[in-house]
Amino acid sequence: MACTSTQSCPMNGGNGKYSYTRNSSIQRWGVEASKALIGEAVWEKLDINFSNLFNIADLGCSVGPNTFIVVENIIESVKLKYPSSPDPSSGSTEFQVFFNDLPSNDFNTLLQGLPRDREYAALIVPGSFLGRLFPQSSLHFIHSSYTLHWLSKVPKELLDKNSPAWNKGRIFYASAPNEVVQAYSAQFAEDMIFFLNARAQELVHGGLMVIIIPSLPADTSPSECPLIAVMDLLGDSLIGMARMGLIAEAKVDSFNFPKYYPTQHELETLIGKNGCFSIERIEPLVQSTAHARDLNFQMFISHTRAAWEGVIKMHFGSDIVNELFDRFMKKVLNFSPLISKHSSKQINEVFVLLKRNSN
């Protein structure tokens with residue numbers, strides 16, 4: 001059966017060689033790069049009334065440790081703005097943090113990694129963030145990073161032989177016809193609308209939401225972007241294994257990778273259509289020299305395996321994973337644009353700050 005949904009495909013759990021715990025430093029860079037921006041957002045834009053309990057949600061928290069860095073940053077920023085509770089009769093401000101991810105996420109590893117000196121009550125909220133997770137107007141700050149580019153499902157047109165978006169011979173949209181790209185874009189838009197509608201119900205008026213999402217640079221086609229183009233190498237690796245009889249060709253034809261990198265314009269348009277949030281800030285995070293210097297092929301392979309392995313195993317089973325990534329690695333080593341420090345076509349990590357309107 002084709003893996004058309006990502007609802008059972010979280011990041012790799014545990015603490016092993018290819019676990020997300022040990023292979024998420026690329027995402028950590030974005031989290032750390034946004035620290036000052038979140039501090040400014042809280043200080044300048046947070047405009048709410050609360051008694052003594054401040055509720056934070058991190059959506060798509062995975063297994064840590066990045067989520068703990070995010071939470072600590074938000075709490076320190078709120079404490080700086082509100083040294084004491086806005087309500088003098090309620091005592092000092094207390095914090096409650098909701099860690100959310102898919103039910104199949106390795107929450108045990110997350111809980112084991114909780115900081116012992118944390119200043120908050122921690123609660124686990126399993127479920128898809130494309131629907132309601134929390135009571136009406138119960139959250140003051142929502143964070144979600146490196147999650148929304150994952151689609152809830154593969155667009156059905158990609159598997160329809162009678163559709164112009166049938167994606168036979170490819171597993172992604174890097175070198176695909178425009179109909180395929182549009183099918184991916186439409187699925188992203190549908191998911192984003194569900195996400196924004198749910199958060200609009202849960203966030204208090206004046207509350208803030210921060211999103212960090214990998215995005216396609218303006219005036220760049222998917223095939224020009226190395227991180228998108230590299231998916232063709234994964235597809236070539238699968239096709240090569242099918243030709244050797246290691247996997248069925250039909251299995252490859254029914255596989256499409258369920259993620260999409262929107263442009264900043266697409267994000268702005270969808271948020272505007274929702275109408276419940278004002279865009280207080282939207283801009284690419286500035287990549288540090290150290291971050292660019294540290295990225296190498298081996299890091300790329302281990303990080304992508306930590307993120308992609310669940311989707312691949314769900315569709316093909318676990319037996320092919322080592323062989324597939326060995327083949328993929330050999331192809332990636334000859335793809336120098338992937339780790340270029342100077343390309344203007346690289347994926348942007350876009351920081352989006354939204355404020356809940358009072359309407």
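**A bent helix and its surroundings**

Helix α11 bends by about 50° at Trp 308. Please keep in mind that this is a predicted model. The points below begin with that helix, then turn to a threonine and to a pair of strands.

**Helix α11**

- The helix covers residues 297-316, and its end C-alpha atoms span only 24 Å, while a straight helix of 20 residues would span 28 Å at 1.5 Å a residue.
- Of the 20 residues in α11, 16 are buried, so the helix is largely enclosed by the rest of the structure.

**Thr 21**

- You can find Thr 21 in the segment before α1, the helix at 25-33.
- Its side chain reaches the backbone oxygen of Gly 14 at 3.1 Å.
- Apart from neighbours within four places in sequence, Thr 21 is in contact with Gly 14 and Asn 15, with Val 63, Gly 64 and Pro 65, and with Thr 109.

**Strands β2 and β3**

- Strand β2 (residues 94-101) runs parallel to strand β3 (residues 121-126), and the two pair over 6 bridges.
- One of the residues to look for here is Asp 101, whose bridge partner in β3 is Pro 126.

Methods
Residues are numbered from 1 along each chain as its sequence is written. This is a predicted model: local features need pLDDT of at least 70, side-chain atom pairs count only at pLDDT 80 or more; totals for chains, interfaces and linings use all residues. Side-chain values use heavy atoms; hydrogens and water are left out. Helices (H or I, at least four residues) and strands (E, at least two) are DSSP runs, numbered from the N terminus. The expected span of a helix is 1.5 Å times one less than its number of residues. The bend at a residue is the angle between axes fitted to the seven residues ending there and the seven starting there. Buried means under 20% relative accessible area, exposed over 50%, partly exposed in between (1.4 Å probe, protein chains only). A polar contact is a pair of N or O atoms within 3.5 Å; within protein, one must be able to donate a hydrogen and the other to accept it, and residues adjacent in sequence count only if both atoms are side-chain atoms. Contact means heavy atoms within 4.5 Å. Two strands pair if DSSP finds at least two bridges between them.
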